Amino acid sequence: MSTYKSNDYIVQSIEESLLPVGYEEIEKAARDILSPQAFSYISSGAGAEETARKNKDAFQKYSIVPKLLNDVSEVDTSISLFERNYPTPFILAPVGVLKLADDQGDLAVTRAASKYNIPFIQSTVSSFSIEEVGQSSGAPKWFQLYWTSLEDISFSFVKRAEKAGYEAIVVTIDTVTLGFREKDLSYGYSPLADGYGQGNFESDDVFLSTVEEVNNSAIVDGIIKNINYPALNWSHISKLKEKTSLPILLKGVLHPEDAQRAVNLGVDGLIVSNHGGRQLDGVISSIDALSEIAKVVNGKIPVLFDSGIRRGSDALKALALGADAVLIGRPYVYSLAINGEKGVSQFLANFLQDFSSSMMLSGVKNMKQLQQLKIICD
Ligand SMILES: Cc1cc2nc3c(=O)[nH]c(=O)nc-3n(C[C@H](O)[C@H](O)[C@H](O)COP(=O)(O)O)c2cc1C
Ligand SMILES: O=C(O)C(=O)c1ccccc1
């Protein structure tokens, strides 16, 4: 279903009360449930958390100027990406180590996503394997790739993803080394060292052939060595293009010239993102980077967006500023921690209600009109 009438979702929200409604309350509830280390891992940004703060504050600089009296009794939220139609412009961002939030991790998330036909992007550092996630539900699945030092492991992941029916490869380019996350360092906390995030590696023959003796610490060392790959450059993207016919997206683009180069190279899509402020602190907020990139790309390939989407009006702003679809990150992770699959389902119901009401209230009835919605910046 992609056409909404007023209050379709709110009925469900009122009937069940599985989750607090607003983002801040959801975050608070997750803080109460998770260990201080786990909560801190999910919530914190790198460095002084300047960028994490900017992601939030920057949204407030943009204001929607509604254009009314447009008969919005039905709104169509559907989009089309890579020749497939989706009922909503939302995608669930790749989040490693989701098992930290809930034992069922990615499996619970894709089950919730399948209710709304929302694509789920599985992380390289998932606690479940590509095959397990592939079979977990009918939700569309994309695979996020952290390029590995031994590139045959990357190519093996990509082949496995193809075979398991995944529909796109998302190469994250902003994490060639891990950001300096002061809170995690103060706790001495690393989920990888704790054994999370091994699902794809422990099930990969190419990776296993590089581990002398298969035990937990060898696997952890192997993963860390592989996903830190500062040598990553454009030639790797060209090479990946040769290896797969799936659409390739680059995640973490902030510079318009990188966007232009990606288009020239034949990349299929971009994700404007600063990784939720978790990588280089001090970088531009993702929403401030969006318009210029959308302008350079000029509709040649889809431009997706994440970092700071908390509620419907945030999504409305990002879509009006040039995004073709929007990734949701922390809000679904906290919802998972609070109430597993049901928590994520409830979150999505609330979010979709909020978004479709926001479309109506701004006087737009489809994505085309939304792209023309007037936004002013302070
Ligand atoms: C706990 C956590 C783990 C993440 N793991 C990954 C990952 O494995 N790969 C990736 O590309 N991005 C990862 N991200 C970044 C998200 O995909 C997304 O860019 C970010 O969460 C957006 O910011 P927001 O959640 O504040 O909206 C992670 C984010 C969080 C919070
Ligand atoms: O924490 C992250 O943001 C992330 O991308 C990651 C990296 C390595 C392991 C787990 C998650």
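Modeller: Happy to! Let us start with the contact itself: Pro256, Ala259, Gln260 and Val263 in helix 12 meet Glu292, Ile293, Val296 and Val297 in helix 13. By class, the residues of this contact comprise six nonpolar, one polar and one charged. Please keep in mind that this is a predicted model. To find the two helices, look for residues 256-265 for helix 12 and residues 286-297 for helix 13. Their axes are 9 Å apart, and the packing angle is about 30°. Angles under 35 degrees count as roughly parallel, and therefore helix 12 and helix 13 are roughly parallel to each other. The crossing in which helix 12 passes helix 13 is right-handed.

From there, you could turn to the ligands. Ligand 2 has Gly96, Val97, Val125, Thr175, Leu192, Gly197, His275 and Arg278 around it. That shell holds three nonpolar, four polar and one charged residues. Ligand 1 is surrounded by 22 residues, and the closest include Ala93, Ser123 and Gly329. In the shell around ligand 1, seven residues are nonpolar, eleven polar and four charged.

Two loop residues also deserve a visit. Ser307, in the loop between strand 12 and helix 14, has a positive phi of about 100° although it is not a glycine. Ser307 counts as buried, because it has 31 C-beta neighbours inside 10 Å. Glu83, not a glycine either, has a positive phi of about 65°, and it lies in the loop between strand 4 and strand 5. Glu83 is exposed, with 7 other C-beta atoms within 10 Å.

How values were computed
Residues numbered from 1 in each chain as written. Chains lettered and ligands numbered in written order. Predicted model: local features only at pLDDT ≥ 70, side-chain atom pairs only at ≥ 80, totals over all residues. Near = placed C-beta within 6 Å. Nonpolar A, V, L, I, M, F, W, Y, C, P; charged D, E, K, R; others polar. Axes fitted to C-alpha atoms, helices over the stretch in contact; angles between N-to-C directions. Helix = DSSP H or I, 4+ residues; strand = E, 2+ residues; numbered from the N terminus. Parallel < 35°, antiparallel > 145°, perpendicular 65-115°, else oblique. Left-handed = near helix turned anticlockwise from the far one by under 90°. Contact = placed C-beta atoms within 7 Å. Buried ≥ 20, exposed ≤ 12 C-beta atoms within 10 Å, placed from the backbone.
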